[in-house]
Amino acid sequence: MKISYKWLKELIEITESPEEIGKILTATGLEVESIEEIESIKGGLQGVVIGEVLTREKHPEADRLSLTTVDVGGENPLSIVCGAANVAAGQKVVVATVGATLYPMGSDQPLVLKKSKIRGALSEGMICAEDELGVGSSHDGILVLDTDLPNGTPASEYFGISSDYLIEIGLTPNRADAASHYGVARDLKAYFNREIKLPSVDAFAVNNENLPFEVEVRNSEAAPRYAGLTLTGLKVAESPEWLKQRLATIGIRSINNIVDITNFICHELGQPMHAFDADKVTGNKVIVTTLPAGTTFVTLDGVERKLSDSDLMICNAGTGGNPEPMCIAGVFGGITSGVTNETTSIFLESAYFSPVWVRKTAQRFALKTDSSFRFERGTDPNMPLYALKRAALLIQEIAGGTVSSNITDIYPDPVADFEVKMTYRNIDRLIGKSLDKTLITNILNGLDIKIQDQTEAGFTAIVPPYRVDVQREADVIEEILRIYGFGQVELSDALSSDYLSDFPVNDPEKLKLRVAELLVANGFNEMINNSLTKPDYHISIAESIQGNPVKILNYLSEDLSVMRQTLIFSGLEVIAYNSNRRQKDLKLFEFGKTYNEISEKYVEKERLAVFLTGNIGQESWFEKSREVVFHDLAGFVMQVLSAVKIRDVERTEADAAIFKFGTTLTLNRKPVVTFGQLQAAIAKKLDIKAPVFYADFDWDYMLKQYDAFVQYKEVAKFPEVRRDLSVVVDKKITFDQLRQIAYKTERQLLRAVNVFDVYEGANLEGKKSYSVSFILQDDQQTLTDKVIDKTMQRLISAYEREFEAVIRK
């Protein structure tokens, strides 16, 4: 962001040097990267003076050289050898004295004047031509002046050389409000408590209504505010010197007086504007709308671009009711409707466009203009009318003409101020220092932030809509601190930090890390697999998967043409890869996403997959290696569930299409995890012959059930008691059913139920015997035999009633 020091001084009183202003702006959050002196003529013509040629004689050794004496206001005239044919006695000329540095036009090398001898004659300076001074391009002869200025007057006075300072600010994306001289002045206003002197627009008036324009906004979401007026009788010409210098200082090339004014307003007020040649606006109508995708449009740079149906365009009435594009709204003008030397009337636009719409269009076309830079960050929705009047007055001043229409201002839903609840406690806490309430009020008022509903505890901050980055309490506190000064907050002996943000009670990443560390501690390795996979994988288990596969439109190969619907095959590919390299004992897990199309909507879920195959441990001298069994996987599954505090799950059989045998654990009737041995046919798809045990966790659901709250209780003072039963039941009855009935029957004393033996034999045809242990404990007293026997009898009765069990004590 480039700021002119002189331009800034026109908006606010500044007595400080550019360097001091640079330090202040940096301290308030507008980091100044450089300060450079800019002169209208490079070098400022230092050492160049007005002189008068006293005598002129032919050089005795060179026909084309002259020997002159020149009065430059000193005691003695200078002897100068001159090669210009038009030099003559009595002329007022421009003389570069010895030691002066010139920057000739068209040359990259400066010229330093030295005393020298030319063909034996002493030369103590140089009588200059236009191009040698850098004030023009002519080299037809020396520059002869018509002036009464005394000899020896610095040439800078004659040429009216002005100097300025270019302040380069590294503008951060959040400070769109400072993308103008007015915006920077607002920060200085708050810092110095000085008033801003915006130019008055009271003189604005509608002169006639000879050129009325109709404006229709068809997309108010993309263009919340659109304003404009017409001017006629204009004379498009070169801009005045002051305007050209203002723009040149900040690196903008002058085009013509009309376009230069729109650029001037953009950098003065931060309000981009656009001028259309009114004679080229068909039907005297402006339509703000989008056009069908594929519509072609040629921009000012001569490039033909194809529009999408989400590019907001400024159009005219066109022909046959079809709007004709003239400009990409907020981004770039068109080649056919711009202002030229033949333009005599214009439609002047001043609008507030949606940052989101402008940003998407600018990125799509890779166009970064001064206009899009501001619109896509957020301009002031309350600025368009003032900017329109200011521009109209300037245009009338330098290009003549009259305002020939009323102002059209379409603003159906005014952008409201931001209301932020503030507390003095949080202000002091975040700044690290207690500030006087009057000082806080003065700082916020200086930033155009009003205070309402003020109490001893706090107030409501009313933030203007141009401050798009100030919408939270912490943002307002930052505004107070940056103006007050970070350097004025003393560092305490016990330095600490604070925050206002609310952090989630359950941090998903921390919980995922905890489970990953648990599995790694048990010998597992983590996998990260591609989400793209083969469509053939899922065909065999399609009936067991909810929804349809998500297909890739521009896939690179058939093997990577769909998104995975399950993590099974990603893991099996890793197992196959390692098995083929003699790594057969594998413990693997993966946190990954699955993708399904359900009811024409895409569903993405996070899951945890665990795989076991081969031997459970390495062979050693004191322990033989053995193959993985179901209960190895079950143990790891229960550890994971315990880590995320999931208890009281119910068991159902796993899907037989996927699992040879297995179980599904549910909570609130929703599956949490399904685990077991995969069907051999599934593993065989990847040429895996060894049994593979697999667990599939619904990680998204587990996160919702997790509660980080921990409640502690005192360790029981009274001993626990164990009692065993041998329960003979039908073969189909599972231990989980026995366990659930036990907990339903005895809720107070029963602490644990465990099975330590299972027997099936010929003498128990169609039945099964479970040896079950029960742990009983009372937190208030020692259990008596009477209480224990009564409790056990209730359990026996429940088993007999529910399962027709035979109890062997």
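Me: Where is the place of aspartate 559?

Reply: Strands are DSSP runs of E with at least two residues, numbered from the N terminus. Aspartate 559 lies in the loop between strand S30 (532–533) and strand S31 (562–563). The model is predicted: local features need pLDDT of at least 70, side-chain atom pairs count only at pLDDT 80 or more, and totals for chains, interfaces and linings use all residues. Residues are numbered from 1 along each chain as its sequence is written, and side-chain values use heavy atoms, with hydrogens and water left out.

Me: Is aspartate 559 buried, partly exposed or exposed?

Reply: Buried means under 20% relative accessible area, exposed over 50%, and partly exposed in between (1.4 Å probe, protein chains only). Aspartate 559 has 45% relative accessibility, so this residue counts as partly exposed.

Me: Why is strand S21 largely enclosed by the rest of the structure?

Reply: Strand S21 spans residues 322–328 and is largely enclosed because five of its seven residues are buried.

Me: Which strands does S21 pair with, and how many bridges join them?

Reply: Two strands pair if DSSP finds at least two bridges between them. Strand S20 (residues 312–319) runs antiparallel to S21, joined by five bridges; isoleucine 314 stands opposite cysteine 327 in S21. Strand S22 (residues 332–333) is also antiparallel to S21, with two bridges, and phenylalanine 332 in S22 is the bridge partner of isoleucine 328.

Me: How many residues lie between the strands of each hairpin?

Reply: The hairpin of S20 and S21 has two residues between the strands, and glycine 320 takes a positive phi near 65°. Three residues lie between S21 and S22, where glycine 330 in the turn has a positive phi of about 75°.

Technical notes: Helices (H or I, at least four residues) and strands (E, at least two) are DSSP runs, numbered from the N terminus.
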